[in-house]
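Try each task before reading its solution.

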Amino acid sequence: MKENSMRQMLLFCLCIIVFGIASKVFGQSVSIYRELYNGVDERNLRSVVENLSSLGSRVVGYPGEGLAAEYVRQKFIEIGLDAVREQTFYAVTPIEETPTYMEIPRLGKRYRIYPLWPNLVRTSQTPPDGLKGHLIYAGVGRLESFNGKKVAGSIALMDFNSSTDWLNAIFLGGKAILFIEPEDTFRGEAELKFLTTPIDIPRYWMPRKDALELLSLLERQKDLEAVINCRMTWKKVPFRNIEGIIWGVDPKRRNEVLVVQAYYDSMSVVPSLAPGAEQACSIAALFELARLLKRYPPDRTVVFLANSAHCLGLRGESLYIYDWLQKEKENDAAIKEGKAPSLLTFVSIDLSTRTPICGIFYKGYFWDYHEDRQWQFSDIGKLCRETVERVGLIFGFQPETRFVDAINPIKGKSWRTYCLGRLALGSEMATIAAKTGIAFATVNDARPYVDTPFDTIDKVNFDNLKAQVQIIACALY
């Protein structure tokens with residue numbers, strides 16, 4: 001009896017100790033989650049998007065991209081990240097070297113127009129003495145739109161929202177296409193305005209106000225001759241990847257490195273008009289995550305990477321990963337002894353703002369590697385899902401209204417279920433390099449204005465952006 005009583009007493013004491021420790025640990029977690037969740041400042045997010053989207057085109061090689069790189073570097077320093085440094089790489093990109101104009105000699109008119117993205121390698125560059133032709137208006141490009149018009153040798157003024165019917169002007173002998181800026185458009189229309197074969201079809205974007213004036217002139221005067229002068233060439237140009245560090249506080253895990261990445265360049269079917277407001281949301285989130293984790297340094301070292309050339313086939317991410325692999329190869333012995341840093345996980349942030357829901361992904365569409373790798377990422381998805389469930393209990397929301405585990409097929413839904421567009425995730429580059437690459441990305445959003453001149457700040461929903469960053473901050477921690 002005495003022995004049983006003693007055992008029960010010891011068990012009771014042990015339970016009290018364990019419960020006390022668990023309560024203390026859970027209480028600390030609750031406190032940190034509250035600080036991270038409530039610490040996300042929408043004003044910071046808005047400020048970054050406003051600044052970056054006001055710089056002009058951030059396509060690699062254009063002035064806005066260089067200004068954005070300097071802005072990113074200064075933000076990392078302002079946040080207080082350690083060892084802020086730049087890596088310079090090179091990419092080949094189509095550059096509009098001088099402003100493109102269309103002149104109508106008879107009327108003494110000159111209009112600023114903008115070349116579209118090249119057909120594979122063929123840009124919209126014209127001969128040295130310009131491209132000459134008579135103007136016609138062909139509406140949305142259906143065959144009946146050309147009835148009674150002299151199409152051969154023409155410069156066809158057409159509605160941008162013409163699907164692939166714009167090609168009819170070329171099939172009938174037209175020399176070039178002048179797209180009228182629409183009142184609204186979407187990404188799918190933009191993707192149909194360039195080809196993956198190097199066909200010599202110069203294509204240009206004309207501001208709507210000027211196009212309407214030109215249409216009015218065409219109604220009153222027939223056989224207007226125009227001359228287009230465009231200088232758009234491929235150039236090898238430098239771009240910068242910029243990183244800053246928060247050192248891990250656990251000496252045993254300090255050399256296990258997580259890279260958290262977002263891109264700061266932009267893209268558009270019209271390279272000179274690429275405001276990229278929605279595309280600036282990911283880097284805005286990166287800055288906010290860095291600011292919050294600076295307050296609560298994790299056990300492992302976190303490298304915050306802001307890269308360019310994401311929109312050029314993930315070139316910025318691929319060169320960064322390659323550089324990591326080379327360093328690890330050189331320091332292989334030290335890494336095995338835990339004396340040199342090794343890349344544990346590469347985490348991409350890729351956000352948009354038409355929904356407040358983000359998800360965790362183990363792949364996207366860029367490489368679209370075999371899905372039999374899913375099991376390698378399953379535990380990460382489960383851990384993030386459980387974290388969001390705890391945060392949901394603290395703040396009183398249903399987890400599925402804010403977060404999706406797109407790694408594990410919950411209710412039979414695969415990651416493709418949540419992608420309304422063909423997402424290219426920077427983390428894919430890490431996974432094909434035999435590292436662990438995951439991404440936090442917005443779900444159920446087709447991102448209709450991305451890659452168009454309409455990707456402007458008035459279309460960004462900052463409430464939705466803040467909601468996603470709150471979840472990612474807790475899950476990432």
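**Exercise 1.** Work out which residues of α2 meet α3, and how the two helices are arranged.

*Solution.* This is a predicted model, so keep that in mind as you go. Start with the contact itself: S47, V48, N51 and L52 in α2 meet A68, Y71 and K75 in α3. Sort these by class and you get four nonpolar, two polar and one charged residues.

Next, look at the axes. Helix α2 covers residues 42–53 and helix α3 covers residues 63–79. Their axes come within 10 Å and cross at roughly 155°. Angles over 145 degrees count as roughly antiparallel, and therefore α2 and α3 are roughly antiparallel to each other. As for handedness, the α2 and α3 crossing is right-handed.

**Exercise 2.** Find which residues have the most contacts inside the largest nonpolar core, then follow I283 to its partners.

*Solution.* The largest nonpolar core holds 76 residues. Those with the most contacts inside it are F76, I283, F304, I349, F361 and F440. Helix α7, residues 281–295, gives this core its largest share, 10 residues.

Now pick I283. Leaving out residues up to four places away in sequence, I283 touches V48, L52, V72, A262, Y263, Y264 and A306. There's also a second, separate core of 39 residues, and V60, L215, L217 and M232 are among them.

**Exercise 3.** Sum up the whole chain: how many helices and strands does the chain have, and what share of its residues is buried?

*Solution.* Count the elements and you'll find 12 helices and 13 strands. Then check burial: of the 477 residues, 53% count as buried. Finally, the C-alpha atoms fill a box of roughly 110 × 45 × 40 Å along the principal axes.

How values were computed
Residues numbered from 1 in each chain as written. Predicted model: local features only at pLDDT ≥ 70, side-chain atom pairs only at ≥ 80, totals over all residues. Heavy atoms only, no water. Core = buried A, V, L, I, M, F, W, Y, C linked by side-chain atoms within 4.5 Å. Buried < 20%, exposed > 50% of the residue type's maximum accessible area, 1.4 Å probe, protein only. Helix = DSSP H or I, 4+ residues; strand = E, 2+ residues; numbered from the N terminus. Contact = heavy atoms within 4.5 Å. Axes fitted to C-alpha atoms, helices over the stretch in contact; angles between N-to-C directions. Parallel < 35°, antiparallel > 145°, perpendicular 65-115°, else oblique. Left-handed = near helix turned anticlockwise from the far one by under 90°. Nonpolar A, V, L, I, M, F, W, Y, C, P; charged D, E, K, R; others polar.
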